[in-house]
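Subject: A structure to look through

Hi,

Here is the structure I promised you. Please open it beside this email and follow along as you read.

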Amino acid sequence: MESSSSSVSTATPVGVTPDYDDRIVKMFFTATVIWGIVGMLVGVIIALQLTFWQANLGPWLSFGRLRPLHTNAVIFAFAGNVCFTGIYHSMQRLLKTRMFNDTLSRIHFWGWQLIIVSAAVTLPLGMTQSKEYAELIWPIDVAITLVWVVFGINFFGTVARRKVQHLYVAIWFYMSFVITIAVLHIFNSLAIPATLFRSYPIYTGLTDALVQWWYGHNAVGFFLTTPFLGLMYYYLPRAAERPVYSYRLSIIHFWALVFLYIWAGPHHLLFSALPDWAQTLGMVFSIMLIAPSWGGMLNGLLTLRGAWDRVRTDPVLKMMVVAVSFYGMSTFEGPMMSIRAVNGLAHYTNWVIGHVHSGALGWVGMMSFGMLYWLVPRLYKRELWKPQWAEAHFWLATIGIVLYTVAMWAAGLMEGLQWRAINDAGQLANPIFLDITARLQPFLLLRVVGGSMYLVGAIMMGINFWKTVRGSDEAAQTPASVTA
Amino acid sequence: MTENNQHEEQGSAYGRFHRRVLEGKAVVFAVATTVAISIGGLAEIIPMFSASLGPERSEAVTPYTPLEVAGRDLYIREGCYTCHSQMVRPMRAELLRYGEWSRAWEYTYDRPFLLGSRRLGPDLQRVGGKYPDAWHYDHMEDPRALSPGSIMPAYDWMLTDRVEVADVTASIRALSTAGHPYDGDSEEWVRAEMERQGGEIVANLQSAGRETTWDTEIVAMIAYLQRLGVEGRQILQQQATASAPEAEASSTESAAAAQAGGGDR
């Protein structure tokens, strides 16, 4: 086919040292590892709070305040910094030019970290707007907008001064990330301030709910999916040393994905009093989303044709294969859960939490780890301190995800079925809600175990990278395999 | 990044078009992307503001009182919505467990909406009037004293921490700006309203042997929780009575369903 023409190559003409800004890549990478561990640690803490209520420590560290901290930390601090690491590294090489403006890069970096720190302070203090993944108070929302504009100028400025004519598929996905997140963030955050720390949205009731889930679902779509597909399109072919399977498939699935995703939000509001036409649109478009999602998965997996022998030995490829596989699984599961009949059972249960984490831990997390294990030795021109730790990280994370999702599936099905069970007399079979909650405890504990394994893997990665970066000069000898 | 241009010649027609027109011109690509991501959102959100296509409305609903607004802000502050939904789905088991299913107009003054996305604890849409004030007082202090085995954290600081009238006034002013009809927005008016409604709750608590004052957080929280779903239920009952006699059977049915949540906690 035409696959060979879509190959990713960073070959630089001999004797020319490209003047790329790799310092900013290293900054974002460092932030990624730190915030990733923090975000996952908070996740384990709140999982523990659901099995041991005593782990709720005072007002500031209680579940209701820490849960938004966990979601914000893993989405915007971990996944956000991963995206910026990969985008700043790959787009300079894809466009064969340095970033548009180094000062804008620094403002983007420090601005984003400042936003994260202010989130970590305000959320435990109970300052929140309560909209999921958009909890941060309005002054922080303003800061996010400003920093995003800086990123946008830097991004499009770099595109404008590119030294290649055509935009590679990864750039398309990055572009949809930059544009769509700006649109979503601005329109969902419109609010009337009451004090410096509190505001009320301009939308009310179910309109507010619809706008929020238009935002919320597409935060998943355009913060956790499209930029990561962009990373997949750059780093997977690089790691596999194979060209992307199909250029045509990438065109079709890109446009279908960005067009269809936006419609799917109302599936979060099935069986609510939202008008039926909107609920139905949400369901139908969610089901259609399988096609472009699997287009991306297949293009990723088929890129590995001829390289499967290396998947057995290379932790980078292993992680990417698991990531793309989980992407395929969760983008099948999501549409299924959007079917009204299934949603009636799954909604409000732990099944949703399991679904989210098969996407977050499986797809986003593993793609990030795979990318970082490939990138860091090349970025710092040092061999990885302990490759066998990367192997251990892979297994800890994979087994951890399986334990986590299986526990949540079981818990979700159980509570969903027991909430609705009606006995022969026409009365609730389980009239006491708390009885059902008590029966979930073994599964919630298993979730803590799975999540902790995932966290331990991430900490091992952090130590491994620390030792790699700060390693002795002996380790600094650049092996041939790293100079690519 | 594509090193050779094979598909310029070989590719399909749309492949050639894509490569020449979109990938070659970043501005065109960015505009096309913006259009693609805008259509769905516009198609779903704009009709929400139309009377016929948007959520059903009712003139009979009243906005939250200043004390209830203070309680709702505490509900948001503590992240109660991370475990409790406020949306009863039109399903038999939910009607039995919680009462009447949620109507769109009940959320008229819900800013922000608090439907929730998860039920680690039971739905609270119809919790108003289900328990006495003193039950909520004790439950916030120590959930396990009333619900053995509960995983809910204690919120004992609400018994001592106080609500600032100036703070509530700022909220009432912002909500007035948003169009919520209030009879006043001065600090004096807000204080008087809070004292009046808070005083009733304090008296209830006092008769059950709990001493507190109208400006504690717990009183605001109780005011909010005791209001949830009550007005909607009343309006639904009035509607059912008004359309009698033919709807009489269904009205008793829904009233029975509204009562049926009693044994749940």
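Let me begin with the rings: over all chains, the structure holds 48 aromatic pairs (rings of Phe, Tyr and Trp, the last by its six-membered ring, pair if their centres lie within 6.5 Å; planes under 30 degrees apart count as stacked, over 60 as edge-to-face and the rest as tilted). One of them joins A:Phe173 and A:Tyr233, whose ring centres are 5.6 Å apart and whose planes stand at 20°, so this pair is stacked. Because A:Phe173 lies in helix H5 (residues 169-189) of chain A and A:Tyr233 in helix H7 (residues 226-240) of chain A, the pair ties together parts 60 residues apart in sequence. Helices here are DSSP runs of H or I with at least four residues, numbered from the N terminus.

A:Phe173 is buried at a relative accessible area of 0%, and A:Tyr233 counts as buried too, at 2% (buried means under 20% relative accessible area, exposed over 50%, partly exposed in between, with a 1.4 Å probe and protein chains only). The rings of A:Tyr234 and A:Tyr235 have centres 4.7 Å apart and planes at 80°, so that pair is edge-to-face. Both A:Tyr234 and A:Tyr235 are buried.

Before you go further, please note that this is a predicted model, in which local features need pLDDT of at least 70 and side-chain atom pairs count only at pLDDT 80 or more, while totals for chains, interfaces and linings use all residues. Residues are numbered from 1 along each chain as its sequence is written, chains are lettered from A and ligands numbered from 1 in the order in which they are written, and side-chain values use heavy atoms, leaving out hydrogens and water.

Next, charges over rings (NZ of Lys or CZ of Arg within 6 Å of the ring centre and within 35 degrees of the ring normal). A:Lys26 lies over the face of A:Tyr380, 4.8 Å from the ring centre. In chain B, the charged end of B:Arg103 sits over the ring of B:Trp101, 3.5 Å from its centre.

Also in chain B, B:Tyr81 is found in the loop between helix H4 (66-77) and helix H5 (92-98). B:Tyr81 counts as buried, at 5% relative accessibility. From B:Tyr81 to B:Glu141 there are 60 residues in sequence and 19 Å in space, C-alpha to C-alpha.

Happy exploring!

Conventions
Helix = DSSP H or I, 4+ residues; strand = E, 2+ residues; numbered from the N terminus.
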